[in-house]
Each structure stands twice: as C-alpha cells, then as structure tokens.
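Open the model in a viewer and keep the selection tool at hand. The stops below say what to select next and what is there.

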Amino acid sequence: MRSLLIGATSFLCLAWAGAVHAQQVAPPKVVPTVETAKSEPIAAPTPPPPDGQLPEVAPIIEDEEFEKAIPSISAEDDTELDRPLESIADFEKRQAAEAAKAVETAGEAIVEAQPPLVDGVPVPALADGDAVEAIGDAPISDSELAAPLPPLESFDVEPVQFAEAEDDEDNISIAYTVQVNGLVPADDSTDVDLADLFGDLSALYDGDGKADNAAMIRARLSADGELMQRILASEGYYDAVVDTRIDRGGENRERGQPVTAIIDVKPGKRYTLSDIVINAAPTVPPALIADNFPLSVGEPIVAQRIQGAEAAIALKLPEEGYPFAKVGQRDILLDGATGDGVYTLPVDIGKRSRFGGIETTGDLAFDAEHVEVLARFKRGDLYDSRKVDDLRQALVATGLFSTVAAEPQPTGESAGDDTEYVTMLVTQDAGPPRTLAASAGYGTGEGIRLEGSWTHRNLLPPEGALIFRGVLGTQEQGIGATLRRSNAGRRDRTFELVTEITRSNYDAFNAITGRVAARVSYDSTPIWQKKFTYAYGAELIATREDDYDFTLGERKNDFYTILGLTGQVGMDRTDSLLDPTKGFRITTLIQPEGSLAGKFSPYARTRIDVSGYYPVTDSIVLAGRVRVGSIIGAARERLAPSRRFYAGGGGSVRGFGYQELGPKDPNNDPIGGRSVAEAAFEGRYRFGNFGVVGFVDAGQVYRGSTPTFSNLRFGAGIGARYYTNFGPMRFDIATPIGRKPGEARVSVYVSIGQAF
C-alpha cells in the first residue's frame, strides 16, 4: 500500500484484483544540471572519406619483419608431414603399450624407495614423498597412523546428547483449533456473512482441525491470513490489518492438547464511493447507461456490487441496439485520509445498429433462408441480443448441430437514424442426424409401457424428419411411421403425416386399429412459450373392436371405419411450460367425426380443459384442474368403444385404474360414456431439486351427452418430484376414497412432467 502526496491531499492507490485498478501518480521529473569546471578546446572532426573508399591506416608490423618471424620448414619436416596417418586401432595399441610401460617403471621406483623403519615399523611418507620433513630434527614417528582400523563391530555407538531436547512437534500429527478475533465489527456492517464466507473458503477449517505437522498449520494459517485480507478488501476495507499466530498453550500445555491458530483482524475504515464517472459517448435514449447502472454515490465499495454493475451495462447495451459495446478497465482512486473513492469507468458503446441480412458458413445442416424462418426478428429491427440468444437456442433445439454460433458482423451500411445494418453470421457444424430413443412408464391399469424410436431428423432438408416408432406394453403394442416437417414455413409450426397399426387390450375393449392422419400444429416450446396455440388436421381410422351387447348379453366384435377432423385452440398465461407456478391455461378440442360403415353417422366430440396455478410462497404452489367433455349427435352404442370417454388413471383420476370409472357391463368392465367430468387439486412443495405433492382427484363418466356431476368418485394420495432441466420426474401413489369391490387399494403412477 502506497500513499502519494498530491497538493494538500494524500491519496491511497490500491490494487484490487478484478475490481480496483491501481493508478499510480508519477513523481515530477528532475532534470539534472551539469556544471563544467574547465573548458578545453575540442579538435575539429575528421572529414568522412569519399564514397566507396576506406581511410588509409598505418601498418602495425612491416611485411619483412612478419616473414622473418615465421620458422622455416626443412626437407625432413616436409617428409614427416607427407607420412600417412596411422589407423585408430594402431594408435590405441601404441597408447596401451606406453601406459603399461609407465606403470612398470613406477613400480620399480616404489621398490627402490622403501621408507625407513622406526621400531620395526615403516614410517609413512609425507605428501612430498619424503619420510623426514626438514622441520627441526623430529621425524614423524606416530605408529598409530600406520596401524590397521579396528572392525566396525568393536565400536560402541551411542546417540549424541544435545544440550536441549529436540522438539519433534514439527514432525508429528497434531490437532488444532481456529480462532478469529476482531471480525465482528466488519461483519455487522456488511450484507454478506464474512465469518461464514471465510469458513467456506478457509484452509484451516477445511483441514477439520488436523494437520500432519506444525509446518502444515503455519502454511494454512498464512494462506488464511491472505484470504481474510482479500475478503475484507472485497467489502471495502482496504486498510485492514491481519496478523496470524499460533498459540501453543505455554509450558503447561499437555502433549496431544490442540494448539490454536489465531487470526487477529483490525478492519480499519470502510471506503465509500464519493463520485462515479462514466466516460461514454451519448446513447439513445440519453440515460440508457445511468438508468441501468445500479451503483450510487455514498455506498461502500463492494467488489461484487461493482462487478455486477459493470456486467449490467455490458448486458443492457447490446439489448438496446449496441452490439459492439465494450466496458473498459475501471479506475478507483482511494483517499486514505477521508476513506473516499472516485470510480471511473470507460465504456465504448460502438455503433448503434439494426438487423440486416443473415449469412451462414461451415458444415451446413440447412441454408440461410431456413435460418430466417427461425429468427424472431426481421431486417430493420433494432438490434437486440436477446433475440440473437433466442435464435441460437432455436438452432440448438433442432438437434442437427454439434456446434452452432450466431454473431453480429458490422457492414458499414447506413440504416438511417444514425444507425447501421449488421449481418448475422451463423456458423454451423452439422452433427449426426440419426437418433435412437427409448422411454418407459408404468401405471395401475395400464401396466408397463416401453416405447422406442429411430429418427432421421434431416432426411428431407430442411428439418424433414422420418420417424419409426414401436410400442411394447402389457396392454398396448404397435408400430408406426411419421414424416414430420418442423418449422414448416414458420417458427414452431409442424406438419405431420402419420400411419400406424396398434393392438389394444384393455378392460374396456380389445381393438386392432389402423390409422392414417395429417396434422398441422403451432405449439409452445420450452424456448418460446406462446400465449395462443392451435392445431388442425384429419384422420381416417379402420378398427376392429369388441363391445358388450346388452341384447345378446355378451361381448361381440364390430368393424368401424371413421373419418374425422380435428381442431384445437389453446391459451396459456402461465410462467412455465413444464413446471408452472402461476397463471392459467385453457384448451378447447373439437373433433367432428362420422362412421362410414353403412349409413354415414356424423357426431362431434368436444372437450375443454382449464388449469390454474397460484404461488402461496416461493416454495409452495396450489394447482387445480377441471375437464369437461361431451359427445353429441350419436348414441353410445353407435360409437366405437375407442372413441368414447373414459376416466381413471394417472392423467385423469388418480387412485383408480386406467379407464376404470363410468358405466360398466355385467362383468364389471367399463364400457365408456358420452360425457365426462374431472377435477383435481394439488399442493406442491419444492425444496431444492426435490418436491412433495399432496393431491385429491375427482371424476365420473356418464351415459348421456351432458355431464350431471353426480356420483363423483374421489381419490387421494401423495407424490414425490425430482426436478431436472427437462421437467420434473413424477412418482405418485394414491388410493380411492370409498373403495368398492374390485377396486385396487393402492395405485402407483410413474411418469415425466407434472400431472397437469
């Protein structure tokens, strides 16, 4: 930390990683004055030589003297130079022979130079080879130097005794406690729990009070001291003093008793913003930056607040027509005397822009024309980064890309109103277009149901998919093929051609059905939830089904050929497609149909569904649903059993089996009806990614075309939810209220998504 004196004010400049930029004020430059004691004349410079010539230089030695200094080569020397070189093998042999001769000569010299004897013991030679040194008259006569060393076994090895006992505490595992002093005043003045934040990041606390040695405790304590300094600085305490020490408990400390790692904190003053300066060009509207910059003069300098304010500007400007805006590096000048900070932020807003054309590059799944279908903006619209994000998500949702990016590119083309067009460049990397998928479910009355599919998502570009589907269950089996065009000329509009054959084995009826259908729909998606949706289409059904004949008193098979139209309109005012917590939904379905067997018999199936959601708290939601349906224009007996209304099961009235409610034949099997009424109420409690649901359902099916709301049956139960990014997984268990003979005591339902 460094204080700089400028005028009468002492400014403190502090480096704050990620939040405060250190700004140093350079001291004034001092120009040294050089005084000359004596003035001496300066020789005139030598003129340069002419171009291409070097100046003449006097020789260092004469040529004759140089020739005399070179030794002459005699004829004998000249012969020696012409002699061929010996081979490497001959050279190595000669070197070995010379070395052996040198060793032999040295051995003879050693034999001849025997040292003198003293008391029969040879006197060792000194370093210079003489046994007698010319220092006085006393020769070296210590025979112990020549005596052989005793064996190691004869040594009595004892440990060295030190004056002070060795402290082995640095090398043993020890326990410790942590004590933080002086943090309370700073903790009470901030919105963040500093003690809790320190505890989450502390190396000492992370060690659970155990360390391999005292050195490890010191290392953790040092790291935590630096951590405490950073935490305090992030909350505006730039003058904080943090000291660390280890309390070993004194001389009376027992062995094994924990030591105490102590952090002493002196927070000092908390710095506040005395001025906010944003250096940016004028925007449209003029207060765009000021209105969206959440900092204010007088508030503490908190790192998280400042970073959040800068991020808000970086996000808001591209949403309001400035795709190339850049937030620069902040400067915060701190006054150590007053605790004030002057915040300066440079912002380059770039050129205000509007959407222009769309270009695409890379490994293409489809062309730029289809990208325009997915975009929710048109040429001339003011640039909005949220619409670019939406386009990017829509591209990802097609499932056709390994990677895909959408970025604005400047064009320099004027769009009027002091704006210019930008081109959206979509970079594609097409992924594998084929997919294998499988799903499973279980419901009381429906049994186990397994479904698998193979899909080529881009067989007929763009987004023309071919799907083969198979169902294998305890009560339903079938195969089918679908040709689907997604985003057909409009975002989220789908065109489908379907052909399928199914075999059904329910208590209400057995059927073998062939179906061909065409359908156009405009639906909500998790990316774009729409207020209004619709669907329409036509279908041709040929089915062989059994039905109970009350005249014959038995079940018999009939063949039905049905031609029908479908129309559906929906309104959605909820806050989420998959897990709504507030708002309502209304869906109306109308299906004019007619039997082609014999005389044409037209009728109409109608149904309306209403659901609502109310948040009691952030974690508790009350939800309710009502369904009413009616078939008009035909008697029940003239309707194919599969086209009648039924109730009961996981998506209807829980606590009862699938299609269990309503009129029954003498065998107590359901036969369906021409009207239905259902209702459900749920209380949903969510905690984290889990949830608990309590519910009560009610419903009944009636013979007539108008529901009478009489004889309603009720079921109650409890459910568990596990929330994922694609919706909640549901497990419900329910029981019928007022259970009758033949009805199950408990019904279980497992599926994906809320019940409604």
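Rings of Phe, Tyr and Trp (its six-membered ring) pair if their centres lie within 6.5 Å; planes under 30 degrees apart count as stacked, over 60 as edge-to-face and the rest as tilted. By that rule, select Tyr506, Phe509, Tyr646 and Tyr658: ring pairs link these residues into a cluster.

Two notes on conventions come before the next stop. The model is predicted, so local features need pLDDT of at least 70 and side-chain atom pairs count only at pLDDT 80 or more, while totals for chains, interfaces and linings use all residues. Residues are numbered from 1 along each chain as its sequence is written, and side-chain values use heavy atoms, with hydrogens and water left out.

**Whole chain**

Show the protein chain as a cartoon: 11 helices and 31 strands are present. Helices (H or I, at least four residues) and strands (E, at least two) are DSSP runs, numbered from the N terminus. Of the 756 residues of the chain, 34% count as buried. Buried means under 20% relative accessible area, exposed over 50%, and partly exposed in between (1.4 Å probe, protein chains only). Among contacts (heavy atoms within 4.5 Å) between residues at least 6 apart in sequence, 58% join residues at least 24 apart.

**The largest nonpolar core**

A nonpolar core is a set of buried Ala, Val, Leu, Ile, Met, Phe, Trp, Tyr and Cys residues joined through side-chain atoms within 4.5 Å. Select Tyr176, Leu194, Phe198, Ile217, Met228, Leu232 and Ile263, which touch the most other members of the largest core, a set of 22 residues. Then colour β5 (174-181), α5 (194-201), α7 (214-234) and β8 (259-266), each of which supplies at least two residues of this core. Which element gives the largest share of this core? That is α7, with 7 residues.

Centre on Ile217 and list its neighbours. Leaving out residues up to four places away in sequence, Ile217 touches Ile174, Tyr176, Leu204, Ala211, Ile246, Val259 and Ala261. Apart from this core lies another, of 21 residues; select Ala368, Leu400, Phe401 and Met424, which are among them.

**Aromatic pairs and charges over rings**

A search of the whole structure finds 17 aromatic pairs. Start with Phe198 and Tyr205: the ring centres are 6.1 Å apart and the planes are at 80 degrees, so the pair is edge-to-face. Phe198 counts as buried at 1% relative accessibility, whereas Tyr205 is partly exposed at 38%. Next select Tyr534 and Tyr536, whose ring centres are 6.3 Å apart with planes at 10 degrees, so this pair is stacked. Tyr534 is partly exposed at 27%, and Tyr536 is partly exposed at 47%.

For charges, show Lys530 and Tyr522: the charged end of Lys530 sits over the ring of Tyr522, 5.4 Å from its centre. A charge sits over a ring if NZ of Lys or CZ of Arg is within 6 Å of the ring centre and within 35 degrees of the ring normal. Then move to Arg684, which lies over the face of Phe756 at 5.2 Å from the ring centre.

**Glu593**

Select Glu593 in strand β24 (residues 583-595). Is Glu593 buried or exposed? Glu593 is buried, with a relative accessible area of 4%. The side chain of Glu593 makes a polar contact with the side chain of Tyr603, at 2.7 Å. A polar contact is a pair of N or O atoms within 3.5 Å; within protein, one must be able to donate a hydrogen and the other to accept it, and residues adjacent in sequence count only if both atoms are side-chain atoms. Beyond four places in sequence, Glu593 touches residues including Glu539, Arg605 and Arg643.

**Backbone stops**

Zoom to the peptide bond from Val284 to Pro285, which is cis, with omega near 0 degrees. Pro285 is in the loop between β9 (272-279) and α8 (288-291). A cis peptide bond also joins Pro461 and Pro462, and Pro462 is in the loop between β17 (447-456) and β18 (464-473).

End at Gln659, a residue other than glycine whose phi is positive, near 60 degrees. Gln659 lies in the loop between β26 (620-632) and β27 (675-687) and counts as buried at 8%.
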